[in-house]
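Please keep the sequence and the model in view while reading.

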There are 2 protein chains.
Amino acid sequence: MNATILDDLRAALPQLSLLTEAADLEHYGRDWTRRWTPAPLAIALPTTVEEIAAIVRWAREHKIALVPSGGRTGLSGGAVAANGELVLSLEKMRSTLEYDPVDRLLTVQAGMALETLRSIAAGHGLQYPVDFAARGSASIGGTVATNAGGIQVLRHGNTREWIAGLTVVDGRGEVLRLNRGLVKNSSGYDLRHLFVASEGTLGVIAEVTVRLADRDPPASTVLFALPSFAAIMPVFAALRDRLRLQSFEFFDACALKHVLHAGAHAPFDQPYPYYAIADVDADEAGLLEVFEACVNEGRVEDGLIAASDAQASALWRLREGITESLAPHTPYKNDVVVRTPRMPAFLAEAQSLLGAAYPDFEVAWFGHIGDGNLHINILKPAALSQADFVQACERATKLLSECLQRHGGSISAEHGIGLVKKPYLHQTRSDAEIAAMRGIKAVFDPDGIMNPGKVFD
Amino acid sequence: MNATILDDLRAALPQLSLLTEAADLEHYGRDWTRRWTPAPLAIALPTTVEEIAAIVRWAREHKIALVPSGGRTGLSGGAVAANGELVLSLEKMRSTLEYDPVDRLLTVQAGMALETLRSIAAGHGLQYPVDFAARGSASIGGTVATNAGGIQVLRHGNTREWIAGLTVVDGRGEVLRLNRGLVKNSSGYDLRHLFVASEGTLGVIAEVTVRLADRDPPASTVLFALPSFAAIMPVFAALRDRLRLQSFEFFDACALKHVLHAGAHAPFDQPYPYYAIADVDADEAGLLEVFEACVNEGRVEDGLIAASDAQASALWRLREGITESLAPHTPYKNDVVVRTPRMPAFLAEAQSLLGAAYPDFEVAWFGHIGDGNLHINILKPAALSQADFVQACERATKLLSECLQRHGGSISAEHGIGLVKKPYLHQTRSDAEIAAMRGIKAVFDPDGIMNPGKVFD
């Protein structure tokens, strides 16, 4: 029967590339979460908006679920296809469509990798200021679908802030050209912002128009060794109030240990409990003053200012290499956020809660923190089965999401809800909000074919 | 029967201030459009979110339409109550609720005037960077409901960009606390952005959390006299590419004539066809170079650089006084936007179209232009009746909206759709988009009581 259904699709779109080999089903059926067994029906690789619309019409007719798919670097299971879905991969849609130097808008197909888009921007003497470690694989469509954040949010905001227009094919099969690059447009509801962070549940993001920005001024990169978690926010505030900060990230001794184990060089002669790395507009005199003040206040133990681009890159590898260095330990990831004024109280409670929940587990803390976002990675002990490990982590995540609720935070800052965080959505969003989301999904996806089971049931 | 319905409301909320005098009905029933005859049922002035929710429940029960009401400075009829609606005025909800210096978020009740909010920000050494001439009367809730733009969009964006959280009461009577001030939050659909620019059709905006920003550096104000419309975009590009622009506005000889008639002083010894006013980060040497280059290229005829804050204010009054100086001529207003690269072609077509449509009418052109937004005001000849004048203008607006559609523009940049632009919405938004908007409205407002007849039917 599935073969007949696929034959219908082949008949409707004879040019469409359609993969059904077992290796392809496995490759395209999973994302970086590795927790679900891929089991898609097939993989479709359209090349035009019209082909996407035809696939959606076919899916509506045959009641086949669709999973939109970009670089599959997601960490929440949003691009997993484990239930006979058709994976709709944007892999063949990676071209530049238009660039206009007058308003500096760049329109690309949604399958383009973030790194490619950033290179194109640089070629125009400008920047696309969203950036994160998975830049080489993550597709721009995926960054829109999750409202990706990354290491430049502090200065430049999330993906949402840079989206001037979207072409989407919604679950009705309608092609919507949303906002069309206008700076100002008060003409009814802004559907563009509804598709940002919708995780494929409303439709397929096919084309993206982004704003480009002036390049940042040259930066000085500084690494601080900190005596305690409590020192992080005051050091952040001291830098922010006295210098122009481009980015501010932190990580703990556990995270550094794994990065060093993966081959990086130790920055200091001895280990410290916590580290902060920051880029500030190049102005070393001011930076040294802030550094000395922090040392005198007992908030900084040691520090390094990069003397060259190569040194700056080496320092940044300590932060950017964390996710990859932890991967062999199949970490359970939390991606939480609170308002920064609530951070100290939330941290104290979360550390005590997780310390009690995971007395025997290694926990790596790192993240953006200047924007309120923490990544908490629980590492699986080698002796424990994956299933037992996930079960133990889920118990703690329930407590953590209650703690977040008390502090007005969110269970997902930048990874999305997907399958992984779906059980905890109701602690971040109210019942009335979730009911409204279900209603909105029904408007754009009346047959429930768009990435069903993700975000909410 | 109406008296009985109001008695029910009085019984449910004995403390609620409820106005029914004819003068109040007229005062609260209209906005700045003055085209409809006010005829509300009554005016309710709640003081808390809970009172708003109780009013919505009462309205659902009795099928009474609600018109949310702020400063009623709107120019699209979005706050008009001409059909027996209950006006829900936020006038008594003007207080500050919270300010946190760590993340610089300010939460206020939605009835606070924009000018008050800007003063509070200044008191904290920061700025709220949305600003426009009606600042003294416009409520912050109204600026959210229309996604207000104004004179600082070029550098700082629209209202949307500054909204970190909203408390709304939707048409179901549900209190939604949206985004709650988080910088990053990828946890399902962002309903906050749906309420921005919703013009009261989804619910009542009750409380607003805004981000505050560092103050802009000191500015130099410059006024240019231009020989032609065609000179405006190249002068804008020259300033933007070589200097840090804070704002860029233009106006034509007709607009200046009316401002001078209202009492302003002429900036130059002779009139010119067009003028541009800009604030650039103070750097006079660079500014003079750009000025001289523009003169040499024949794009600037004369210029003034303000030598004091008083002179800068006097120059800005030439731009900011336009709307008030035109008011005695009951202008028909268009608030259009295209992408800036399309501006020259659009302008040529629009000028020829409007010249043919209004051979005998005075037309004042002004606006923000650096963000693609033009205001085109048609002045009513004294001898013509208001009805005949509006009818003539509507014929031309139909042509203009078709022209905008060809150039990918929008019929409303920052005023909203309301009643005034409703007939032209389908030329800016596709049928599939409008159908989705209707579906979204039904989710939040199942009984259709929230500002019915505005934006779309």
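A:Thr143 counts as buried, because its relative accessibility is 1% (buried means under 20% relative accessible area, exposed over 50%, and partly exposed in between, with a 1.4 Å probe and protein chains only). The residue A:Thr143 belongs to helix H5 of chain A, which covers residues 140-146 (helices, H or I with at least four residues, and strands, E with at least two, are DSSP runs numbered from the N terminus). When its neighbours within four places in sequence are left aside, A:Thr143 is in contact with A:Phe132, A:Ala148 and A:Thr159, where contact means heavy atoms within 4.5 Å.

The model is predicted: local features need pLDDT of at least 70 and side-chain atom pairs count only at pLDDT 80 or more, whereas totals for chains, interfaces and linings use all residues. Residues are numbered from 1 along each chain as its sequence is written, chains are lettered from A and ligands numbered from 1 in the order in which they are written, and side-chain values use heavy atoms, with hydrogens and water left out.

**Aromatic pairs**

Over all chains, the count of aromatic pairs comes to 24. Rings of Phe, Tyr and Trp (its six-membered ring) pair if their centres lie within 6.5 Å; planes under 30 degrees apart count as stacked, over 60 as edge-to-face and the rest as tilted. The pair of A:Phe195 and A:Phe444 is edge-to-face, because the ring planes stand at 80 degrees, with the centres 5.4 Å apart. This pair links distant parts of the chain, since A:Phe195 lies in helix H7 (residues 191-195) of chain A and A:Phe444 in helix H15 (residues 431-444) of chain A, 249 residues apart. A:Phe195 is buried, with a relative accessible area of 0%, and A:Phe444 counts as buried at 0% relative accessibility.

A:Phe268 and A:Tyr272 also form an edge-to-face pair, with 5.8 Å from centre to centre and 90 degrees between the planes. A:Phe268 has a relative accessible area of 10% and is buried; A:Tyr272, at 10% relative accessibility, counts as buried. Elsewhere in chain A, ring pairs join A:Phe229, A:Phe250, A:Tyr274 and A:Trp365 into a cluster.

**Salt bridges**

The structure holds 56 salt bridges over all chains, a salt bridge being a side-chain nitrogen of Lys or Arg within 4 Å of a carboxyl oxygen of Asp or Glu. Some of them are listed here.

| Residue | Partner | N to O distance |
|---|---|---|
| A:Glu394 | A:Arg35 | 3.1 Å |
| A:Glu362 | A:Lys257 | 2.5 Å |
| B:Asp445 | B:Lys441 | 2.7 Å |
| A:Arg339 | B:Glu98 | 3.8 Å |

A:Arg35 is partly exposed, with a relative accessible area of 28%.

Because A:Glu362 lies in strand S17 (residues 362-367) of chain A and A:Lys257 in helix H9 (residues 253-261) of chain A, their pair ties together parts that are 105 residues apart in sequence. A:Glu362 is partly exposed at 29% relative accessibility, and A:Lys257 is partly exposed with a relative accessible area of 45%. In chain B, by contrast, B:Asp445 and B:Lys441 are both buried. A network of salt bridges links A:Arg118, A:Asp131, A:Arg135 and A:Glu320.

**The interface of chain B and chain A**

In the interface, 72 residues of chain B are in contact with 72 residues of chain A. The area buried between the two chains is about 5600 Å², of which carbon and sulfur atoms give 53% (buried area is the accessible area, with a 1.4 Å probe, that two parts lose on being put together, summed over both). In chain B, the residues that lose the most area to chain A are B:Lys184, B:Tyr189 and B:Arg339, together 19% of what that side buries.

Ten salt bridges cross the interface of chain B and chain A. On the side of chain B that touches chain A, the largest share, ten residues, comes from H15(B).
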